[in-house]
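Hello,

Here is the structure I promised to pass on to you.

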Amino acid sequence: LPKAEGASYLRNLQWLADGKRLLIDRVDKDTKRRQIFLTKVSENKTEVFLVDEETDAKWIGGPSRTLEPHPKIADQFLFTSERDGWNHIYLATLDSAKFKDGKANAETKQFTKGKWEVQWANWSGESENVIYSSTENGTSTREISTLNLQNKSKINLTDSRKGMKTNLQISTKSLNPVVLYNFSQWNEPNELYAYKICTSCSATENASYPIRLTNSIPEKFKQTKWSEPKFFNFKAKDGKDIPAKIYLPGNFNKAKKHPLVVFVHGAGYLQNVINGWNNYYREFMFHTLLTSKGYVVLDIDYRGSAGYGRDFRTDVYDFLGGPDYQDHLDGIDFAVKYYAVDSKRVGVYGGSYGGFMAEMLVMRAPEKIAAAAALRPVADWKNYFAANPVYTAERLGFPEKNPEAYKRSSPIFYADKLQKPLLILHGLVDDNVHAQDSIQLIEKLIRLEKTQYFEAMLYPSENHGFSRPTSWTDEYTRILNFFENHLK
């Protein structure tokens, strides 16, 4: 390949249908340029040609990783890109006779468009149809559709039940392939479904799909009265719409003031305001416990979260704890105004990026936050750059080139402002957010004589995601007791 400019990494490698030419998806220029190369491999030499290139002033994001060669036509492949602000499907058709000077002649056409995202795409068997999942019918759900690239006709495949249809798998070696997917709703964990894609079949034949393949949810779970989230949007200080969900106590009374717990999802780039099941099922169950004790629980998809387009995703560039931090303050104000929340009894908790945000909120906004629990939190982004340089450089650049961004984004530099209770919890063998983050913060808080404001628990045998039920129980018992002591 041509030498990369600045930091780079390879995102995808795929052979074209002839098995002799390789597509390579590379990001360089410190995560700000994406190039798709084509290599022609022969007995005597390998030639490299540039097929497509795009740049982003902030960073090339994860949604555009899709790169799928046509299963039969060796000069075609589809890919996704956020170049118009939303992740959509593009088809590249190569003209092999016009490759020269390191560039491949390719006609590129956009096939989906709108203020919604394609989340997954592939060829629908050995046909001209593409199958994809998207947020076209709302960001809180996923629908599966097929698109004919010849006449641009579209068919929604799955049934009318609204929820999350995820983890798609499909065979590309059949004219009538079967797609497998998980379906879930807010109170229904994933079950496996199958849908046979047959555009020539009769309506009667197609009416039998999708077929449910598993039935794994215990009856006790179904009989439990879980706290149902209410979905809504609120306006942030800068005018952006912020998606949120709120859980209310069973005896909710607007004439009475309630304590509020704010949950902050992890990863930064993740979506949690969905009508579906995800990794935060423990927290979902914990929120039912909290509401049973009289708490209101707020969960927002703050700036940087997935599912809402390129601008929403990159608003955190150069300042983690900037717009995303403000979104939480605005969400708290909304809950105080419309959901009878006591502004003096607001707590926050979260893990990983959520733990980072919990620390930022309690240190920088003591007038808003009465108590915070930070699980496996990032306290200093320079540490996380050492563990995960791609993630961190995308958002903050490089520590030696942009030290101010790292400083304003790291809770450890606000430790002197702590004046409300903080609970720190971390696994000692965490190989994602290393325990050094919490240990360094603990040491600094001791030196600042902040002992009265914090407590900590380290888990000697736990990694970033706990594996032992006893550890989960211990952690959430501590969080519950912490909130009961400081918010009631």
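The second largest cavity is lined by Trp59, Gly268, Tyr269, Tyr302, Arg303, Gly304, Arg313, Val316, Leu320, Tyr353, Tyr391 and Arg395. A cavity here is a set of points on a 1 Å grid, laid over the protein atoms alone, where a 1.4 Å probe fits but cannot get out, and lining residues have an atom within 4 Å of a point. This one holds about 50 Å³ of space, a volume being the space filled by probe spheres set on the points, with grid points joined across faces, edges and corners. Its lining divides into seven nonpolar, two polar and three charged residues. For these classes, Ala, Val, Leu, Ile, Met, Phe, Trp, Tyr, Cys and Pro count as nonpolar, Asp, Glu, Lys and Arg as charged, and the others, Gly among them, as polar.

Before going on, please note that this is a predicted model, where local features need pLDDT of at least 70 and side-chain atom pairs count only at pLDDT 80 or more, while totals for chains, interfaces and linings use all residues. Residues are numbered from 1 along each chain as its sequence is written, and side-chain values use heavy atoms, with hydrogens and water left out.

Back to the cavities: the structure holds two of 30 Å³ or more. Of the 16 residues that line it, Lys245, Tyr247, Asn278, Tyr280 and Phe284 are the closest to its centre. Both β18 (241–247) and α3 (281–292) supply at least two lining residues, and α3 gives the most, with four. (Helices, H or I with at least four residues, and strands, E with at least two, are DSSP runs numbered from the N terminus.) By class, this lining has nine nonpolar, four polar and three charged residues.

Next, the charged pairs. The whole structure contains 37 salt bridges, each a side-chain nitrogen of Lys or Arg within 4 Å of a carboxyl oxygen of Asp or Glu. Three of them may interest you:

- Lys401 and Asp30 meet at 3.9 Å, N to O. Lys401 is in the loop between α8 (389–396) and α9 (403–408) and Asp30 in the loop between β2 (21–28) and β3 (33–41), 371 residues apart. Lys401 is exposed, with a relative accessible area of 61%.
- Asp52 and Arg83 meet at 2.6 Å, N to O. Asp52 is buried at 9% relative accessible area, whereas Arg83 is partly exposed at 35%.
- Asp318 and Arg408 have their closest N and O atoms 2.8 Å apart. Asp318 is partly exposed, with a relative accessible area of 27%.

For those labels, buried means under 20% relative accessible area, exposed over 50%, and partly exposed in between (1.4 Å probe, protein chains only). There is also a salt-bridge network that links Glu5, Arg26, Asp28, Lys29, Arg33 and Glu53.

Finally, a sheet. Four strands form an open sheet in the order β5-β6-β7-β8, with antiparallel pairing; two strands pair if DSSP finds at least two bridges between them. The edges are β5 (67–69) and β8 (106–110), each with a single partner strand, so one side of each has no neighbour in the sheet. β5 and β6 run antiparallel and are joined by three bridges, and Pro69 stands opposite Phe77 in β6.

Definitions and conventions
1 Å grid on protein atoms, 1.4 Å probe; cavity = no way out; pocket = protein on both sides within 12 Å on 5 of 7 lines; lining within 4 Å.
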